[in-house]
Amino acid sequence: DRFLGVAAVDLTFNYFIDNLLEDPSLVRAGTEALIIDDKGLVVVRATQKESARDATKYKPEPFEDEGLLKAIKKQHNGHVALADGRLAFWARLEAI
């Protein structure tokens, strides 16, 4: 085996939101999809589309539900019923 180089993909937050996070059925149901990094910062969320448009001004913020964040860090994939009756589910995205 011989190292040949590195490949990368450059996606804007808007493309990511439009094509991967903003599912029409989720939007109709009033739900949201988001990506949280391993430090607990929200990388991007569907409802931040307008503010994420300018990456020079966008600042990731801590995920607001610490209890849910602990559950997410505890297991790679899962779900939990929240106190307000909503269902949260997650799956860890592995780097390739």
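A: The account below starts with the sheet and then turns to the salt bridges.

This is a predicted model, in which local features need pLDDT of at least 70 and side-chain atom pairs count only at pLDDT 80 or more, while totals for chains, interfaces and linings use all residues. Residues are numbered from 1 along each chain as its sequence is written, and side-chain values use heavy atoms, with hydrogens and water left out.

Strand S2 covers residues 41-45 and pairs with S3 over 2 bridges in the antiparallel sense; two strands pair if DSSP finds at least two bridges between them. Leucine 41 has proline 62 of S3 as its bridge partner.

Strand S2 also holds arginine 45. At 12% relative accessibility, arginine 45 counts as buried (buried is under 20% relative accessible area, exposed over 50%, partly exposed in between, with a 1.4 Å probe and protein chains only).

The structure holds 4 salt bridges, a salt bridge being a side-chain nitrogen of Lys or Arg within 4 Å of a carboxyl oxygen of Asp or Glu. In one of them, glutamate 32 pairs with arginine 45, and their closest N and O atoms are 3.1 Å apart. Glutamate 32 lies in the loop between helix H2 (24-28) and S1, 13 residues from arginine 45, and the pair links distant parts of the chain. With 30% relative accessibility, glutamate 32 is partly exposed.

Arginine 45 forms a salt bridge with glutamate 64 too, at 3.1 Å from N to O. Glutamate 64 sits in the loop between S3 and H4, so this pair ties together parts that are 19 residues apart in sequence. The relative accessibility of glutamate 64 is 55%, which counts as exposed. Glu32, Arg45 and Glu64 are thus linked in a network of salt bridges, in which Arg45 is buried and Glu64 is exposed.

Another salt bridge joins arginine 86 to aspartate 84, with 2.6 Å between the closest N and O atoms. Both arginine 86 and aspartate 84 are exposed.

Key. Helices (H or I, at least four residues) and strands (E, at least two) are DSSP runs, numbered from the N terminus.
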